[in-house]
Amino acid sequence: MILSSISHIATAQDCFCLEKNRFLFRLRTAKGDIAKVVLHSQDKYLPLSYKDTREEKEMTLLCSDHTLDYWEAELSFDVICLRYWFEIIDKEGNVAYFANRRFLDTAPTLTDEMFDCPQNMREEAVFITPAWAENKVIYQIFPSRFATSKNVPDELWYKSPVGSFDDLGGDIKGITEHLEHIRDLGADIVYMTPIFRSNSSHKYDTIDYYSIDPSFGTKEDIIGLVDKAHSLGLKVILDAVFNHSGRDFFAFKDVREKGENSEYLDWYFIDELPIKDNYEGTPGYKTFGYTHHMPKLNLKNPTVAEYFTDVALYWLRECHIDGWRLDVADEIAHSLWKQFRKRIKAEFPEALIIGEIWHIAEDFLQGDEWDTVMNYPFYDAVLRLSKKNSVTGFSEDMSFLKGNLHPKVLPLLWNLIDSHDTPRLLNQCAGDKRKMKMVSAIQLLQPGMPMIYYGDEFAMQGAADPDCRRGMLWKEEYQDRDMFRWYQSLLKLRKEYPELLSRDAKEITDEENGIIIRHAGKRTVVFHCKDGKITLPEFNGKTDMITEKVCDGTFAGYEVKIF
């Protein structure tokens, strides 16, 4: 038995409330080392001589990642405080007793030797998320390039490659005119990158958080977009750039003009004065990614924190949007996000709060900051799968997320496979549309919130930023309609058969043949993640739900079937 691999953190990380009187307990052990785990519990305060409150429950092996097995058990109880410990049995029959972070030679009998779960405290910290968002489908729009109500010549709109300074004339009215396309595709949520006043095409260098960029339209235009989206059953998420501002934002402009006499000096992290007007060398102030035109805001300053929380509340009140995606959110202090959540949720409990973070984010997902994240670990795992074809590695990557994140988070994870920050999916698949279909199927049939980057449904191309931000393919001659039908059919099945998205689905992988077989309720999904034909006789004679054709047991390269 590998004792050093056994872990349980008796906090909201591994012992947490799912709802009143219902709790989840989690234990990690070395992969393949343990045969059985029993969770023992009893009331902390009631003496056994008065009432025997001892209970035991065998834990379930939820999943396994590269190195660890994850065990879980749910308990229902109503006490002041619960004490508990683990009886762990390895495959040779050896037994260990794990209690209060110590291994004991015999089963503990004193409550002081056991782990502690104060019920009221845990219930007060229950992770409450917007139920409407679970497993919904996101459609990401880059507003300056998605659609326009203006007369833009085709040679400009369909320019490729496209540069950062190309003005394609995209606007909010254009987006509003194409909301039916998003609905008909099968998406549920429109997420737009920044729409506020800025000097760039991407708008991540905001100069006025209270006004829509004139190139996009007006406040009335965004209200009209949200109203129409809601009438079509779509939600709307906006992009909040609070980590940094543009250089022409009023506060930084004042620092540039007045230097040490500026009342906004502590709104930023200024190392050198006066502020340089050229963009040569290091900026002399903290920025986003050493980018001169994006000075980093000091959100530890209570005035700054209040200002940007007020911005978020203003657009929720005025336009009835459904949530915020928070840009570069992991470079802002936990204290800000805790305060932000309290104020937003107090007035808009159903608003969805999404953090942008490019790694796993357990510390932001404890129920007191964000609801969810852009799931870049998923993006990384899919990218590795598409290049190395390791199906076992991919399955283990997904198990790592399942075993380490709160179960409330899993159906809310924004599972992306490309975005305005990455090369487009077709480019990452080296132009192989079979592989693109396989990768998109993995995304769309995964629990969580798949994020479709505009144009992927038409197999749109685009290299790294800024070329991934080309004009949307509205002319049919440029569209891949077969790819559109692929996305549409999978999204339809996703909605009709929610068991496909079950957290309890079990996966079997065949590394040699590049096969992932996922059993979810009565449905089985088979992903063939390699080139070449293989035969799986057990599926001969079964009907593929995607094509509605009877399978002869053969699978072509990068083929996906649902039975």
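The entries below go from the sheet to its helices and end at a single residue.

**Ground rules.** I am working with a predicted model, in which local features need pLDDT of at least 70 and side-chain atom pairs count only at pLDDT 80 or more, while totals for chains, interfaces and linings use all residues. Residues are numbered from 1 along each chain as its sequence is written, and side-chain values use heavy atoms, with hydrogens and water left out.

**Sheet.** I looked up the strand order and found an open sheet of eight strands, E18-E17-E16-E15-E12-E11-E20-E19, with parallel pairing. Strands (E, at least two residues) and helices (H or I, at least four) are DSSP runs numbered from the N terminus, and two strands pair if DSSP finds at least two bridges between them. E18 (372–373) and E19 (414–416) are the edge strands with a single partner each, so one side of each has no neighbour in the sheet. I then checked E11 (residues 138–141) against E12 (residues 189–192): they pair in the parallel sense over four bridges. Gln140 stands opposite Tyr191 in E12.

**Helix H9.** Next I listed the buried residues of H9 (under 20% relative accessible area, with exposed over 50% and partly exposed in between; 1.4 Å probe, protein chains only): Leu336, Trp337, Phe340, Arg341, Ile344 and Lys345. They cover an arc of only 140 degrees around the axis (taken from the directions from the axis to the C-beta atoms), which puts them on the same side of H9. Ser335, Lys342 and Ala346, on the other side of H9, are exposed. The buried residues of H9 pack against helix H8 (302–319), strand E16 (323–326) and strand E17 (352–355), with contact meaning heavy atoms within 4.5 Å.

**H6 and H8.** I found that Lys219, Ile222, Ile223 and Val226 in H6 meet Tyr314, Trp315, Glu318 and Cys319 in H8.

**Leu426.** My last stop was Leu426, in helix H12 (residues 425–428). Leu426 counts as buried at 4% relative accessibility. Leu426 and Asp456 are 30 residues apart in sequence, yet 7.8 Å apart in space, C-alpha to C-alpha. Beyond its neighbours within four places in sequence, Leu426 has contacts that include Gly431, Met436 and Met460.
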